[in-house]
Amino acid sequence: MRRVLAVSVLTGLLLAGAGCADRNDDPFAVGFASPAPAATSPAPAPTATGDAGVCARAKQAGSAAVQTYVFKLAEMVRAGGTGDTSTAKAAERDAEAALAGWRDVLREQAGKASDPPLRTLLADLATEVGGLGTDVRSIDETEFDRLQQRLDELCPA
């Protein structure tokens with residue numbers, strides 16, 4: 001029961017900004033305080049840093065990863081609660097893979113960013129995301145929120 005509560009709290013924290021995001025009537029859209037553009041956006045909007053493509057890709061990867069991560073964590077907890085260890089382990093691997101993919105995109109975009117503060121921020125976010133795992137008690141949501149707010153400042157949508 002304690003793990004279910006922890007997953008619920010994590011889900012709330014990760015999705016706190018989703019209520020402010022323009023979800024285009026998609027009730028299942030998951031995003032940060034400023035929504036990520038669609039994968040097919042022809043030209044990303046200008047940003048404070050001038051790195052529109054970098055910002056768009058970083059936010060898009062984050063939105064997709066958070067959605068997968070939260071879904072897989074919930075699946076892991078449900079399976080663990082019923083004693084289905086093979087499903088729980090598979091869900092845990094999938095959740096960790098979602099984070100690893102997000103971390104890799106953040107690192108890639110940090111390398112492409114021309115703005116030094118954005119480059120540093122993306123590298124810091126990659127480090128923070130790389131440190132996340134499936135133990136919700138070990139997540140430093142305060143630091144993660146701080147970095148996410150800074151990304152929203154540098155990459156307004």
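This is a predicted model: local features need pLDDT of at least 70, side-chain atom pairs count only at pLDDT 80 or more; totals for chains, interfaces and linings use all residues.
Reader: How do you know that the span of helix H2 agrees with its 31 residues?

Author: Helix H2 covers residues 52-82, helices being DSSP runs (H or I, at least four residues) numbered from the N terminus. The expected span is 1.5 Å times one less than the number of residues, so H2 should span 45 Å, and its end C-alpha atoms, 45 Å apart, agree with that.

Reader: What makes the pair Cys55 and Cys155 a disulfide?

Author: The term asks for cysteine sulfur atoms within 2.5 Å, and those of Cys55 and Cys155 are 1.9 Å apart, so the pair qualifies. The pair links distant parts of the chain, as Cys55 lies in helix H2 and Cys155 in the segment after H5, 100 residues apart. A search of the whole structure finds one disulfide, and with -60° about the S-S bond the link of Cys55 and Cys155 is left-handed.

Reader: Why are H2 and H3 called roughly antiparallel?

Author: The axes of H2 and helix H3 (residues 85-112) come within 8 Å and cross at roughly 170°, the angle being taken from 0 to 180 degrees between N-to-C directions of lines fitted to C-alpha atoms over the stretch in contact. Angles over 145 degrees count as roughly antiparallel, and H2 and H3 are therefore roughly antiparallel to each other. Their crossing is left-handed, meaning that the near helix is turned anticlockwise from the far one by less than a right angle.

Reader: How do you know that H3 and H4 are roughly antiparallel?

Author: The axes of H3 and H4 come within 8 Å and cross at roughly 165°, and the two helices are therefore roughly antiparallel to each other. The crossing of H3 and H4 is left-handed. Their contact (heavy atoms within 4.5 Å) includes Leu99, Trp102 and Leu106 of H3 and Leu122, Leu125 and Val129 of H4.

Reader: What makes H4 and H5 roughly antiparallel?

Author: Helix H4 (residues 116-131) and helix H5 (residues 141-154) have axes that come within 10 Å and cross at roughly 150°, and H4 and H5 are therefore roughly antiparallel to each other. H4 passes H5 in a left-handed crossing. Among the residues that make the contact are Leu118, Leu121 and Leu125 of H4 and Phe144, Leu147 and Leu151 of H5.

Notes: Residues are numbered from 1 along each chain as its sequence is written. Side-chain values use heavy atoms; hydrogens and water are left out. Angles under 35 degrees count as roughly parallel, over 145 as roughly antiparallel, 65 to 115 as roughly perpendicular and the rest as oblique.
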